[in-house]
Amino acid sequence: MLNIKKVALSCALLIGLNAGSAQAQDCGEVTITEMDWGSAIIVTQVAKFLLEQGYGCSVTTVPSASVPALASVSETGKPDIITELWTNGAPAYVPLLEAGKINELTRVLSDGGLEGLFIPVYLAEAHPELTTIEGVLANPDLVGNRMHNCPVGWNCQTVATNVAKGGGFAAAGIEDFVHGSGETLTASIGAAYAAKEPWFGYYWTPSLVMGKFPMVQVDLGPHDPSKQACNSDKDCATPTMQSWPSSVVTTVVTSEFESSHPAETDLMRNLSFTNEMMNSLLAWQDAEGASGDETAVYFLSTQQELWGSWINDAARGKLAALLQ
């Protein structure tokens, strides 16, 4: 069933590939980020297809993450497009905006993103006291004496570590366990759920994990924006235990790209997903065992009305076969 579906969807998009190929190179070379989490991969693959087949671009995807992507833009002016930037995990974001090096185009996740420390629903039901950080710190054994942290190099790892330092997690008997990859962090949740074991750690939504494994956010107290910059600094001298803010999740382009590629910039300004849509795509991807680009194919084949509203008339003509 899966293979038939994949073949059918791929064949449908080949019509669009052929339709756009005659005018390839209209916009030249474009570099865009491809982060290593599910929603960002889908956003990038959808954008890549529309840029190539609707606008004649030659698109190169650049594996990256929020912090190194902004560092690269600051130092080299590339990549041209950062497709899914979680701004509250990127301390260089505002300075680059203020310096005029980048421009924010849209809330690519229109509902915003939520980060924090979570426990499984079954743990919250058995021990409701664990839904506050005071309850967790008073009962470290009930959460396995461990905070599952982001992988090394992700900005959320720095923030979570500073939250743990500010809250005295180590003194309370809770280890700051830094995962080696996003995959191992996710796998730890799946393993805990399968065995109904304790789990306490960082995650975000929208995400497939939150759909598959219901979680309850632990109340860390109010967020203080004035202290966020220090918490995002690995050398923060006065870390604070506090909640993450709701994150603006945006698409960013370099100022040079916006001025030289107005049509392509307009496309990226229009490209946006609700959390409900993104979670449904991630759920489909998991159920079908599909890759990120196959999930983009599924979206493009089933949501023509939505993405058809993102593109201009010229691109609409090139992709007419897919819009019927």
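**A guided tour of the predicted model**

Begin by selecting Arg146 and Phe177: the charged end of Arg146 sits over the ring of Phe177, 4.0 Å from its centre. The criterion here is that NZ of Lys or CZ of Arg lies within 6 Å of the ring centre and within 35 degrees of the ring normal. The model is predicted, so local features require pLDDT of at least 70 and side-chain atom pairs pLDDT 80 or more, whereas totals for chains, interfaces and linings use all residues. Residues are numbered from 1 along each chain as its sequence is written, and side-chain values use heavy atoms, with hydrogens and water left out.

Next, turn to the aromatic rings. Rings of Phe, Tyr and Trp (its six-membered ring) pair if their centres lie within 6.5 Å; planes under 30 degrees apart count as stacked, over 60 as edge-to-face and the rest as tilted. The count by this rule is twelve aromatic pairs. Select Tyr193 and Phe213: their ring centres are 5.2 Å apart and their planes stand at 40°, so the pair is tilted. Tyr193 belongs to helix α8 (residues 182–195), while Phe213 lies in the loop between α9 (208–212) and β9 (215–217), 20 residues apart. Helices (H or I, at least four residues) and strands (E, at least two) are DSSP runs, numbered from the N terminus. Both Tyr193 and Phe213 are buried, meaning under 20% relative accessible area with a 1.4 Å probe, protein chains only. Then display Trp37, Trp154, Tyr202, Tyr203, Trp204 and Trp244, which ring pairs link into a cluster.

Now select strand β1 (residues 28–34), where five of the seven residues are buried. It pairs with strand β2 (residues 57–63) in the parallel sense over seven bridges; pairing requires at least two DSSP bridges. Thr33 has Val62 as its bridge partner in β2. From β1 the chain passes through α2 to β2 in a right-handed β-α-β crossover, that is, clockwise from the first strand over the helix to the second with the strands pointing away from the viewer.

Which residues have the most contacts inside the largest nonpolar core? They are Val46, Leu50, Phe200 and Phe273, in a core of 88 residues. Helix α2 (residues 38–55) gives the most to this core, with nine residues. Such a core joins buried Ala, Val, Leu, Ile, Met, Phe, Trp, Tyr and Cys residues through side-chain atoms within 4.5 Å. Beyond four places in sequence, Val46 touches Leu271, Phe273, Ala296, Phe299, Leu300 and Trp310, contact meaning heavy atoms within 4.5 Å.

Finish at Asn231 in helix α10 (residues 228–231). Asn231 is buried, with a relative accessible area of 1%.

Conventions. Buried < 20%, exposed > 50% of the residue type's maximum accessible area, 1.4 Å probe, protein only.
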